[in-house]
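Hi everyone, thanks for coming. Today I'd like to walk you through one structure, a piece at a time. Let's bring it up on the screen.

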Amino acid sequence: MGRSTHDAIKQAKTYIEQGYEWVVDIDIEKFFDRVNHDMLMARVARIIQDKRVLKLIRAYLNTGIMLNGVLVKNEEGTPQGGSISPLLSNIMLDDLDKELERRGLKFVRYADDCNIYVRSPRAAERVMEGISTFIETKLKLKVNTEKSQTGQPF
């Protein structure tokens, strides 16, 4: 499967046409603000062994932000809109993709947006609960329960 937004939309349409009409839309609360640097770097190190590149990525994460003219150190999160933030989000959420695949679920994830396609409202509720627990316990991220939802797309 491709990785563009158009590919994501095409895949979602295919799942719906196959009868997976119920969508579990999971919103990870303030994803780019809350990513744990140590967990992210451990996942990056699975892919990249060059210590110089790892140091450079760690420095990028720790650059901090300016608030009212004062540099504030960053201890979590990735610079939103930064050039490598989408790549880092994909690396961080690769374990989520693998868990969804392991469970045999039909899903489309693009950056930190994740939709899971199921055939019934009962399955949607079950999947929402199980995947939310996985995200919060294994990835140490918070699911925004007010923005996350289950429902029929059309």
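In which helix is Asp97 found? Asp97 belongs to helix α6, which covers residues 94–102. Before we go further, please keep in mind that this is a predicted model.

Let's stay with Asp97 for a moment. Is Asp97 buried or exposed? The relative accessibility of Asp97 is 11%, so Asp97 counts as buried, since buried means under 20%. And what does Asp97 touch, if we leave out residues up to four places away in sequence? Its contacts are Phe107 and Arg109.

Now look at what packs against helix α6. Helix α7, residues 121–138, crosses α6 at roughly 150 degrees, and the two axes come within 11 Å. Because angles over 145 degrees count as roughly antiparallel, that is what we call α6 and α7. The crossing of α6 with α7 is right-handed. On the α6 side, the contact uses Asp95, Leu96, Glu99 and Leu100, while α7 brings Ile131, Phe134 and Ile135. Sorted by class, the residues where α6 meets α7 are five nonpolar, two charged and no polar.

Next, let's turn to helix α3, residues 37–47. We'll look at two of its neighbours.

The axes of α3 and α4 come within 11 Å, crossing at roughly 155 degrees. That angle makes α3 roughly antiparallel to α4. Here too we have a right-handed crossing, α3 against α4. From α3, the residues involved are His37, Asp38, Leu40, Met41, Val44 and Ala45, and they meet Leu54, Ile57, Arg58 and Leu61 of α4. By class, this contact of α3 with α4 has seven nonpolar residues, two charged and one polar.

The other neighbour is helix α5, residues 85–92. How are the two helices placed, α3 and α5? They pack at an angle of about 90 degrees, and their axes are 9 Å apart. So α3 and α5 are roughly perpendicular to each other. Met39, Leu40, Arg43, Val44 and Ile47 of α3 make this contact with Leu88, Ile91 and Met92 of α5. The residues between α3 and α5 divide into seven nonpolar, one charged and no polar.

Let's move on to the strands. Strand β5, residues 113–118, runs antiparallel to strand β1, residues 22–27, and six bridges join them. As an example, Trp22 stands opposite Val118 of β5. β5 also pairs with strand β4, residues 106–110, in the antiparallel sense, over five bridges. There, Lys106 has Tyr117 in β5 as its bridge partner.

Finally, a look at the backbone. Most residues other than glycine have a negative phi. Which residue takes a positive phi in the hairpin of β4 and β5? That is Ala111, with a phi near 55 degrees, and the hairpin has two residues between the strands.

Lys30 is not a glycine, yet it has a positive phi of about 45 degrees. You'll find Lys30 in the loop between β1 and α2, and with 53% relative accessibility it counts as exposed. Lys140 has a positive phi of about 60 degrees and sits in the loop between α7 and β6. At 54% relative accessibility, Lys140 counts as exposed.

How values were computed:
Residues numbered from 1 in each chain as written. Predicted model: local features only at pLDDT ≥ 70, side-chain atom pairs only at ≥ 80, totals over all residues. Heavy atoms only, no water. Axes fitted to C-alpha atoms, helices over the stretch in contact; angles between N-to-C directions. Helix = DSSP H or I, 4+ residues; strand = E, 2+ residues; numbered from the N terminus. Parallel < 35°, antiparallel > 145°, perpendicular 65-115°, else oblique. Contact = heavy atoms within 4.5 Å. Nonpolar A, V, L, I, M, F, W, Y, C, P; charged D, E, K, R; others polar. Pairing = 2+ DSSP bridges. Left-handed = near helix turned anticlockwise from the far one by under 90°. Buried < 20%, exposed > 50% of the residue type's maximum accessible area, 1.4 Å probe, protein only.
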